[in-house]
Amino acid sequence: MAVEVRRTGDALLLELTGEWEARQFTAIDAQLAAVDLTGAQRVQIATAGLTSLDLSAAWALRRFLQRARAAGVAVGFRGAPPDQLRLLDAAVEEGGAAPAVPESLAEKGALISIGRFTVRSGADLMRWLTFFGRACVTFVSGLGSAQRLRPISIVRHVYETGITAMPIVALIAFLISVIVAYLSAQQLRGLGVDIYVVDLVTIGVLRELGVLLTAIILAGRSGSAFAAELGSMQLNEEVDALIATGVDPFEVLVVPRVLGLIIALPLLTIIADLVGLTGGAVLCGYLLDMPLSQYLERVNESIASTTFWVGLMKAPVFALVIALAGCYHGMQVRGSARELGRQVTLAVVQAIFLVILADALFAVLFMKLDI
Amino acid sequence: MPHPLVEVHALVNRFGTQVVHDGLDMQVEKDDVFAIVGGSGSGKTVLLRSILGLQHPASGVVRIAGRDITHLSFAQLRPIKARYGVAFQHGALYSGLTVLQNVQLPMIEHLDLASDARDELALLKIRLVGLPGDAASKYPAELSGGMVKRAAVARALALDPPLLFLDEPTSGLDPLGAAAFDDLVLYLHEQLKLTIVMITHDLDSIFRTCNRVGVIVDRRMESDTLDRIVEHPHPWIQAYFHGERARSRLAGARHGA
C-alpha cells in the first residue's frame, strides 16, 4: 500500500498502488493526510496500480477528496473513478444526516439528581407493592383448588431450594456454632463461668444464627436462581407466551416459588439448629472437657419454651422476602443480557438487606413483647 | 488455478450414534452466491458451524481460501476469521451494546483505528445495509426483526471481508421485507463483489439471488448451478423445486429467462 506524490507546477499526481484494505486504514489515512495541498490547483489520482480497494480504504480516499475540494483544489481521476466511491456517496446520501449523539441525562445538577432518584425510588416501591399484591391475590384465589396451586411445581422448588441446599446449610451451621463456641469459651474461661458457653451457643444458634444464616445462604443460592430463571424467560419471551396462552405467570411462576421457599426455609432452619447444637457439643467437649450429658442438661436449662419457636417463626417471613425479591427482579428483566445481570445482583442484595432488616424488626418486637 | 474460497471435503459429523454428514463435499468459488438447502434436521446449520470452526467435525477437511481450518488453534484462526463475516439467524447482536458498538466490536478487535475513523466507518456500514442513521444509537431490543437482520449484516461487513455467511437471512421476515433483503444480498454481491454463502428455505430468495445451490440429501450434498439442480432426479430435490409452492415460481423464472 502506498501513495506516491509527484508535483509538476500547480498540479499534483497521486499514484495509488498495492493493497488498500481496512487493516491499513490508519496508515492510508495518515499518508493521505500528509499530502501537502498548498499551492496546488489540480490533483489527479491514478488508481491503475491498485491491487485491491475495499470500502474502508475508499472511505479514507473520500475523506482526502473532501479535504481537497474544501481547499478549492480541482480533483480528477486518471481513468474512471473507482466504483467504491460512488457506492459510498450513495450510501451516505441514502442514510440522511448523521445521527445525533444520544444525549445522556440532559441536565446534571445535584438537585436534579436527587429529584430523579426520589421519583424513581417511589416508582420502584409502587411496583414492588403491586407485585406483592398480585402475588397475594393470586395465592388467595388459588386456594380454592389444589390444581391451581401447582403442587408439583411447589414440590420441585422445595427440592431445588431445600433438599439440595442441605449439605451447605449444615456445613455452615456447624462452622458458625464452632466459631461462637470458640469465641465465647475464650472470653468466659477467664471468668470461670465456662458453663455459659453452652447458653451462648444454644440461644445464639436457636434464636438468631440458625435462621439468619440459612436465609442468607438461600438468598444467594435461590434468590439469584429465581431471578436468573425468570429473567431469561422474559428475554426469551416465554413469559409473554404464557400470558398469550391465557396462563397467569404469577400462578405458575411466582406463587409456586414463594410457597416452595416458605416450606423449605423453616425445614432447613431446623437442620441448621440441630447441626449448630451438635457443633456446640463437639466444641464444648473438645475445648472445655464437658461431657455430653452435662452439655445437654445445660441446653435444657438455658432455653425457654419459646427460644426455638422465636427463631423458627422468622423463617417463613425471610423466605417470603427472598422469594419475592428474586421473582420481582427476574420479572423486571427487559431486553439485554446486561440487564439480567443487574437484576440478579439487585435481587440478591435486596433479599439479604430485607432479611437483615426484618430480623432487626423482629428483635425489637420480641424485646417489647419480652419473649 | 486459484483455490475455491470455501471447500469442504469428505466431511463427517456425528452426534453419538446419529450421523449428520457422511462424506459431504462442497465448493464455493469466488463470486458465487451459494445457497445451502435441505430439510429440517438435514444438518445445514451443523455444516455452517463446521465451516466457521464452531463445530469440530469427526473427520474431513474444511478449507477457507485454501487453508485447512480443522486443525488450527484459536489464535491461528483469527486472521482467517477477519476475512469473512457471519450474520446469524437471529442476529446474535450483543444485547448490551448499541448497533454502532456492535459494528465497531470486530473493528476494535482486528483493526487499529482512531475512534473518529471507527465511528465513521461503522456508520457507513450501517447505512450501507439500508438502516437509517438513527438506528446506530439503538439497542438490539429496540429494533424490529428486519432491522436486526440488517444490523447483523452490518456487523458482518465491519472488516470489509470478501466472503459473507448468512444463516436463514429471510426467515421471519414478511414477503416485502424478504424481497428487500434479497435486494440487499444482490447489492452486496454485485456492487461490493462479495461471495455469499447462505442457508435458506426461501425459494424466492434462491431464484432471485443465487447462482449455485447445494442440497443436503442423504447426509451428502448435491450441488450444481441453479438451472441444473432443479432437474436433479433425487426425489427430495424434485419435491422441493417442483412442489406446489415452487411450481409457479419456476414457471415465472423460466418466462423471465
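The views below show parts of a predicted model.

**View 1. Ser73(B), a residue in a loop of chain B.** The loop that holds Ser73(B) runs between strand β5 (67-68) and helix α2 (74-81) of chain B. Is Ser73(B) buried or exposed? Ser73(B) has 7 other C-beta atoms within 10 Å, so the residue is exposed. Gly53(B) can be shown together with Ser73(B): the two are 20 residues apart in sequence. In space, the distance between Ser73(B) and Gly53(B) is 9.9 Å, taken from C-alpha to C-alpha.

**View 2. An open sheet of four strands in chain A.** The strands of chain A follow the order β1-β2-β3-β4, and their pairing is mixed. Which strands form the edges of the sheet? They are β1 (2-8) and β4 (74-78) of chain A, each of which pairs on one side only. From one strand to the next, the twist averages 20°.

**View 3. Strands β2 and β3 of chain A, joined by bridges.** Strand β2 covers residues 11-20 of chain A, and strand β3 covers residues 42-53 of chain A. These two strands run parallel, and nine bridges join them. One residue pair can be picked out here: Gly18(A) has Leu50(A) as its bridge partner in β3(A).

**View 4. The two domains of chain B.** Domain 1 of chain B is made of two stretches, 1-83 and 170-257, while domain 2 of chain B spans 89-161. The C-alpha centres of domain 1 and domain 2 of chain B lie 25 Å apart. How many residues does each domain of chain B bring to the contact? Domain 1 of chain B gives eight residues and domain 2 of chain B gives 10 residues. On the side of domain 1 of chain B that touches domain 2 of chain B, four residues are nonpolar, three are polar and one is charged.

**View 5. The two domains of chain A.** In the domain assignment of chain A, domain 1 takes in residues 2-95 and domain 2 takes in residues 146-369. Between the C-alpha centres of domain 1 and domain 2 of chain A there are 70 Å.

**View 6. The contact between chain B and chain A.** Chain B contributes 23 residues to this contact, and chain A contributes 25 residues. What classes of residue make up the side of chain B that touches chain A? This side of chain B has 13 nonpolar, five polar and five charged residues.

Conventions: Residues are numbered from 1 along each chain as its sequence is written. Chains are lettered from A and ligands numbered from 1 in the order in which they are written. This is a predicted model: local features need pLDDT of at least 70, side-chain atom pairs count only at pLDDT 80 or more; totals for chains, interfaces and linings use all residues. A residue is buried if 20 or more other C-beta atoms lie within 10 Å of its own, exposed if 12 or fewer, and partly exposed in between; C-beta atoms are placed from the backbone. Domain bounds come from an automatic or database domain assignment. Two residues are in contact if their C-beta atoms, placed from the backbone, lie within 7 Å. Ala, Val, Leu, Ile, Met, Phe, Trp, Tyr, Cys and Pro count as nonpolar, Asp, Glu, Lys and Arg as charged, and the others, Gly among them, as polar. Two strands pair if DSSP finds at least two bridges between them. Axes are lines fitted to C-alpha atoms, for helices over the stretch in contact, and angles run from 0 to 180 degrees between N-to-C directions.
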